[in-house]
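Student: I would like a close look at one part of this model. Please keep it brisk, and give the cut-offs.

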Amino acid sequence: MNDESYIKLALELAKKGKGNVSPNPLVGCVIVKDNNIIGAGYHEFYGSPHAEVNAINNAKCSLEGSTLYVNLEPCVHYGKTPPCVDKIIENKIKRVVVGVLDPNPLVSGKGVEKLKEAGIEVEVGVCREEAQFLNRFFFKFISQNIPYVTLKIAQTLDGKIADINNDSFWISSASSRRFVHKLRSEYDAVLVGSNTVEIDNPQLTVRLTEGRNPKRIIVDTKLKIELDRTIFTKDTDNIIIIHSKKVNKIQKNKIRKLKEKNITLIPVRENKDGTLNLKEALVELGKLKITSILVEGGQKIFTYFVKNKLYDDIITFVSPKILGEGTSIFGNLNIKNIRRAITHKISHFEKIGDDLMIVLRR
């Protein structure tokens, strides 16, 4: 095996931490000596030892003269755990191969520099693109202090997300729905508009697979959602409601009831058209250490995120069904000409159940 193969193995190990390490990055580590893997590990959950420490502790023999492979630059500062760089130096590891530098200003380049000062050979950039893509949530959060945003859409072949009666159960296949539950477990939060809560009465939890429940965010400008909705029946301290700063007496009473349920409220400014300033909301969500959001609808929410360029990618499940009439994915985007259409790159596609899943990036 070569350097690329070992870094790819580290990347696969890192994926085991999905849904458990945020706001930290996903990191895997492999230690090789005499062409044999003598230690391996990954960052298992937030606050636990880092991947390099786990790999070192799992080593079967002396690490002196070995090569350590890690998808993200080893840390050099004290956080929840001691610096990984010190542990690497202490164990007389000869060479370190890194996928990509850590974008965190506390680390970026400093970990590599300290290793080199200790006489350790360091190579950076092996499988760089794959390493950066795996931690795209972390990279955006560290650089912009706002969450990575994915729009998740279940649509018919003719671009409808519901029929003329607002019924969407079920556009996508059972296999696609299980996949979405897995996605939910990997994001810090899911977000929907108040209309989706009123019409679909969703739980927005992880039920069809194992994994943590994300925080549930509702955009409810006028705080109109009734508290008898399913989403309010349990784990209400995991709910965040984004609403207008302008509140009347009735809404103030609603705020009191919501706070009694330990629901987090984020008041933001209204735009001139009456919509909420969700860019401001993303900043506030970043302050809560929410690094990633899966936006699940509906039309007004999808339209707002696209129109204001507040999303990073789109995952759409295209069902081989045709409705003809119904609710379209997007409303008015004020695009009058095909040459001004918003374009995306198809980064991945695969068949899931009876549906075609397409991943689009801006």
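How many bridges join strand 1 to strand 3, and do they run parallel or antiparallel?

Tutor: 4 bridges join strand 1 to strand 3, and the two run antiparallel. A word on the source first. This is a predicted model, in which local features need pLDDT of at least 70, side-chain atom pairs count only at pLDDT 80 or more, and totals for chains, interfaces and linings use all residues. Residues are numbered from 1 along each chain as its sequence is written, and side-chain values use heavy atoms, with hydrogens and water left out.

Now the sheet. 5 strands form an open sheet in the order 2-1-3-4-5, with mixed pairing. Strands here are DSSP runs of E, at least two residues, and helices are runs of H or I, at least four residues, numbered from the N terminus. Two strands pair if DSSP finds at least two bridges between them. Strand 2 (36-42) and strand 5 (121-124) are the edge strands, each pairing on one side only. From one strand to the next, the twist averages 15°.

Take strand 1 and its partners. Cys29 has Gly41 as its bridge partner in strand 2. The hairpin of strand 1 and strand 2 has 2 residues between the strands, and Asp34 takes a positive phi near 55° there. Towards strand 3, Ile31 stands opposite Leu68.

Val96 stands opposite Val122 in strand 5. Helix 1 packs on the sheet and touches strand 1 (28-33), strand 2, strand 3 (67-72), strand 4 and strand 5. The direction of helix 1 makes about 140° with that of strand 1. Axes are lines fitted to C-alpha atoms, for helices over the stretch in contact, and angles run from 0 to 180 degrees between N-to-C directions.

How enclosed is strand 1? 5 of its 6 residues are buried, so strand 1 is largely enclosed by the rest of the structure. Buried means under 20% relative accessible area, exposed over 50%, and partly exposed in between (1.4 Å probe, protein chains only).

A nonpolar core is a set of buried Ala, Val, Leu, Ile, Met, Phe, Trp, Tyr and Cys residues joined through side-chain atoms within 4.5 Å. The largest one has 40 residues, of which Ile31, Leu68, Ile88 and Val96 touch the most other members. Helix 1 (residues 3-14) gives the largest share of this core, 6 residues. Leu68 has contacts beyond its neighbours within four places in sequence, including Cys29, Ile31, Ile88 and Val96. Contact means heavy atoms within 4.5 Å. Another core lies apart from the largest one, with 34 residues, among them Leu151, Val268, Leu310 and Leu333.

The whole structure holds 7 of them. Rings of Phe, Tyr and Trp (its six-membered ring) pair if their centres lie within 6.5 Å; planes under 30 degrees apart count as stacked, over 60 as edge-to-face and the rest as tilted. Phe137 and Tyr148 have ring centres 5.1 Å apart and planes at 45°, so this pair is tilted. Phe137 lies in helix 6 (residues 136-144) and Tyr148 in strand 6 (residues 148-155), so the pair ties together parts that are 11 residues apart in sequence. Phe137 counts as buried at 16% relative accessibility, and Tyr148 is buried at 7%.
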